[in-house]
Amino acid sequence: MAAFAIYALAALAEIAGCFAFWAWLKLDKPMWWLLPGMASLALFAWLLSLIDTTAAGRAYAAYGGIYIAASLAWLWTVEGVRPDRWDVSGVTLAIAGTAIILAGPR
């Protein structure tokens, strides 16, 4: 459960950081938006390093499904675009993959 909370916070930090760059480049927001964006991306990297695993690649792979789900939540709540059935199908598969990676016997 702690891993899920770390992954969820990391996803929020990564998406917020990337969105700051997106907003600067595509939405004509001022350059100062990059400062909190960079801080948010640094927070993302630190949070992901807290995952209790012996292999970084496994932590990153499991994170992928959480990131996809968080991205679709961002799409809906921040950008006001409701995910369609293909988004929901894709995130369902991704979360299943995350569950397999996290729950696999090691």
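Guide: What follows is a conversation about a predicted model, in which each label is set against the cut-off behind it.

Visitor: Why is Ser40 called buried?

Guide: The relative accessibility of Ser40 is 14%, and the label buried is given under 20%, so Ser40 counts as buried. Ser40 is found in helix α2, and, with residues up to four places away in sequence not counted, Ser40 touches Ala13, Ala16 and Gly17.

Visitor: Why does Asp28 count as exposed?

Guide: Asp28 has a relative accessibility of 69%, the label exposed is given over 50%, and therefore Asp28 counts as exposed. Its place is in the loop between α1 and α2.

Visitor: What makes the phi of Asp28 worth a remark?

Guide: The phi of Asp28 is near 60°, a positive value in a residue other than glycine. Most residues other than glycine have a negative phi.

Visitor: Why is Ala69 called partly exposed?

Guide: Ala69 comes out at 28% relative accessibility, and since buried requires a value under 20% and exposed a value over 50%, with partly exposed in between, Ala69 counts as partly exposed. Ala69 is found in helix α3, and, leaving aside neighbours within four places in sequence, Ala69 is in contact with Val91 and Ile95. From Ala69 to Glu79, ten residues apart in sequence, the C-alpha to C-alpha distance is 15 Å.

Visitor: What makes a set of residues a nonpolar core, and which members of the largest one touch the most others?

Guide: The members must be buried residues of the nonpolar kinds listed for a core, joined through side-chain atoms within 4.5 Å. The largest nonpolar core has 13 residues, of which Tyr7, Ala10, Phe44, Leu48, Ile51 and Tyr63 touch the most other members. The elements that give two or more residues to this core are α1 (2-26), α2 (34-48) and α3 (56-77), and the largest share, five residues, comes from α1. Ala10 itself touches Phe44, Leu47, Leu48 and Tyr63, when residues up to four places away in sequence are not counted.

Visitor: How do you know which residues belong to the lining of the largest pocket?

Guide: A lining residue has an atom within 4 Å of a point of the pocket, and the residues that line the largest pocket are Ile15, Cys18, Phe19, Trp22, Tyr67, Ser71, Leu72, Trp74, Leu75 and Glu79. The elements that give two or more residues to this lining are α1 and α3, with the largest share, five residues, coming from α3. About 210 Å³ of space lies in the largest pocket.

Visitor: How does the lining of the largest pocket divide by class?

Guide: The lining has eight nonpolar residues, one polar and one charged. Glu counts as charged, so Glu79, which is among the lining residues, falls in the charged class.

Visitor: What can be said of the second largest pocket, its volume and its lining?

Guide: The second largest pocket has a volume of about 170 Å³. Its lining includes Ala3, Tyr7, Ile51, Asp52, Arg58, Ile101 and Arg106, and the elements that give two or more residues to it are α1, α3 and α4 (85-103). The largest share, three residues, comes from α3. By class, the lining has seven nonpolar, two polar and three charged residues.

Visitor: Where does the record place the label "transmembrane region"?

Guide: In the unreviewed UniProt entry, the annotation "transmembrane region" covers residues 30-48, 60-76 and 88-105, and such annotations may be inferred rather than shown by experiment. In the model, residues 30-48 are 79% helix and 0% strand, with end C-alpha atoms 29 Å apart. Residues 88-105 are 89% helix and 0% strand, and there the end C-alpha atoms lie 28 Å apart.

Key:
Residues are numbered from 1 along each chain as its sequence is written. This is a predicted model: local features need pLDDT of at least 70, side-chain atom pairs count only at pLDDT 80 or more; totals for chains, interfaces and linings use all residues. Side-chain values use heavy atoms; hydrogens and water are left out. Buried means under 20% relative accessible area, exposed over 50%, partly exposed in between (1.4 Å probe, protein chains only). Helices (H or I, at least four residues) and strands (E, at least two) are DSSP runs, numbered from the N terminus. Contact means heavy atoms within 4.5 Å. On a 1 Å grid over the protein atoms alone, a cavity is a set of points where a 1.4 Å probe fits but cannot get out, and a pocket is an open set with protein on both sides within 12 Å along at least five of seven lines; lining residues have an atom within 4 Å of a point. Grid points are joined across faces, edges and corners, and a volume is the space filled by probe spheres set on the points.
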